[in-house]
Amino acid sequence: MVVRSISGSQSRYRAFKMTFIYIVLAVGMVIVILPFLWMVSTSLKTPADIFKIPTVWIPDPIVWANYPNAMTILPFGRFILNTAKITGLAVVGATLSGSLAAFAFARLRWRGRNFMFVLVLSTLMLPFQVIMIPQFILFRELEWLDTYLPLVVPAFFGGSAFNIFLLRQYFMTISPELDDAAIIDGCSRFGVYWRIILPLSKAALMTVVIFIVQNRWQSFLVPLIYLFDQKKYTLALGLRLFQDQYTTEWELMMAAATVSMIPVLLVFYYGQRYFIQGVVFTGVKG
Amino acid sequence: MATLQDHIAATSARTRQRPWYHLNGEERLAWLLVLPWIIGFVAFQLGPMLASLGLSLTEWRMFTPPKFIGLANYAEMISGDPLVFQAFKVTTIYSVTSVPLRIALGVLVALLLNASVRGLAFIRTVYYLPATVSGVAVAMVWLLILNGDFGLLNRALSLLGLEGPYWLTDTRTVLASFVLMSLWSVGAGIIIYLAGLQGVPNELYEAAEVDGAGDWVMFWKITIPMISPVLFFQFVIGMIDALQEFAGPFIMTQGGPGNASLFVMLYLFRQGFEFFQMGYASALAWVLFVYIMLLTLFIIRSSAVWVYYEGEVKGN
């Protein structure tokens with residue numbers, strides 16, 4: 001390495017460049033955050049404050065009552081419970097069936113393995129819009145309409161190929177010598193999955209769980225197709241109903257939107273390490 | 001250890017000689033573990049996919065038995081239903097504007113973050129936040145932001161002395177509104193591009209610097225080629241996603257004004273689940289699928305020109 005002496009003009013150029021970068025990044029961050037602030041601010045306003053010019057950022061008075069009002073106009077407590085139930089079941093089903101299949105692909109030797117794995121990957125290309133209508137007809141024949149079964153049962157049958165792929169890739173990074181040692185010690189192959197691979201894959205499992213939670217909590221099209229009875233509505237359908245019926249009550253709508261986003265943001269905040277790993281893992285390596 | 005490997009070698013030797021239906025314990029377990037996925041694949045994906053192709057050749061309104069009408073649904077789409085063309089036009093304009101802009105913006109922010117800024121983790125988290133939320137709640141917030149009379153966007157524009165349009169009810173700006181909205185959630189891309197940038201070996205830049213290359217030249221001759229596989233992958237995924245846009249237009253405009261935001265998925269949903277034209281909707285789904293495949297194929301074909309894979313040997 002040649003050590004270069006940094007002349008005055010070069011270091012000034014660098015300082016200028018870094019200042020410029022920080023300013024642009026800061027402006028960008030403000031733009032990114034503003035919609036959230038605007039949402040929360042509006043959710044605490046009186047209707048009059050919403051229309052006021054210049055913009056009121058910190059409402060006076062702060063109308064905390066908007067939150068209980070929004071939550072009780074429609075049974076949002078029930079919607080949240082419904083969504084939590086669906087999300088929870090989907091998480092259990094997809095991680096269980098997905099990790100079992102991923103284990104077979106990563107760790108077991110069997111004829112047909114490569115073919116099956118390519119088949120799994122190819123379903124990533126399968127478009128939901130094409131299977132949406134026949135699925136609806138199938139579930140209607142099974143008399144599953146207006147139940148949670150269409151939303152939950154598919155998760156127990158492998159879930160998304162994406163999860164299988166992500167878990168399989170992760171399992172491959174665990175040293176196979178651990179398996180061999182365990183088998184010599186009398187562990188069954190299933191025992192290897194349960195006692196060795198799963199405990200060592202907490203990070204990958206967390207990533208999968210976070211993806212599923214984020215996806216299911218906010219999913220709109222599928223519940224929209226299958227759920228009719230308001231008592232069974234998910235949060236997304238409830239919000240939609242709210243928006244339809246109380247079009248002009250922005251403060252209540254924003255309160256409901258804020259409440260619905262909190263769990264997703266919390267899951268992201270606490271799991272962001274796994275989350276960012278997962279995004280990079282699937283986005284860069286494809 | 002050696003005995004175990006002998007055992008494995010012996011097993012795999014036997015594997016080759018056995019007829020296909022003779023499974024050893026390991027293979028039986030493997031198929032058992034993959035079985036749920038196989039059942040799900042056949043019942044919920046492959047089966048419906050084939051059924052959909054059949055359905056697209058029928059007229060079926062759910063309450064009467066389906067009637068075979070050959071390719072009439074497809075013919076109707078081409079010659080008898082101007083909304084199909086409109087829907088594909090709208091969706092295509094949206095996708096080809098939003099996806100490249102999202103990539104450009106994502107790369108730009110990733111480049112800034114890659115300049116060894118302090119507080120990287122925090123800044124990255126902030127930029128990622130909008131990507132964590134989606135669907136109805138986001139659509140509601142943007143409905144308020146884009147409101148012509150008291151929305152946040154027009155308030156900001158008025159500070160600059162500009163009078164903003166009625167974004168969502170003006171045929172000229174409604175698609176731009178959706179593009180703008182899609183730019184907000186560019187965070188996932190930023191993280192991916194940043195990882196790509198960090199993977200570019202520093203020696204390349206050092207060598208170029210010795211040769212007297214400036215920032216701009218290095219960006220186009222080193223950075224872009226080195227991350228082009230990532231850009232390519234994101235472009236393909238982004239297009240597939242954008243062509244299936246649904247929740248935003250469904251909640252915010254219902255396809256209006258005057259069908260100016262009639263996305264294909266919205267029209268498909270309407271045909272299938274509002275008019276119960278299951279046959280026609282299936283045909284529409286297949287056309288969208290083929291359209292997505294063709295576009296993807298086109299992008300892949302063109303990628304030979306602009307995507308650089310390290311280790312790839314190119315002939316003359």
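**Exercise 1. The interface between chains A and B**

Find how many residues of chain A are in contact with how many residues of chain B in this predicted model.

*Solution.* 
Step 1. Apply the contact cut-off: C-beta atoms, placed from the backbone, within 7 Å.
Step 2. Count on each side. The contact joins 71 residues of chain A to 71 residues of chain B.
Step 3. Look for the main contributor on chain A. Helix α14 (residues 250–284) gives the most to this side, with 15 residues.
Step 4. Sort the chain A side by residue type. There are 51 nonpolar residues, 15 polar and 5 charged.

**Exercise 2. Annotated regions of chain B**

*Solution.* 
Step 1. Check residues 93–113 of chain B. They are 100% helix and 0% strand. Their end C-alpha atoms lie 30 Å apart.

**Exercise 3. The domains of chain A**

Locate the domains of chain A, then examine the contact between them.

*Solution.* 
Step 1. Read the bounds. The domain assignment gives domain 1 as 8–43 and domain 2 as 66–284.
Step 2. Take the centres over C-alpha atoms. They are separated by 35 Å.
Step 3. Count the contact residues. Domain 1 of chain A supplies 4 and domain 2 of chain A supplies 7.
Step 4. Sort the domain 1 side. It has 2 nonpolar residues, 2 polar and no charged.

Definitions and conventions:
Residues numbered from 1 in each chain as written. Chains lettered and ligands numbered in written order. Predicted model: local features only at pLDDT ≥ 70, side-chain atom pairs only at ≥ 80, totals over all residues. Contact = placed C-beta atoms within 7 Å. Helix = DSSP H or I, 4+ residues; strand = E, 2+ residues; numbered from the N terminus. Nonpolar A, V, L, I, M, F, W, Y, C, P; charged D, E, K, R; others polar. Domains from an automatic or database assignment.
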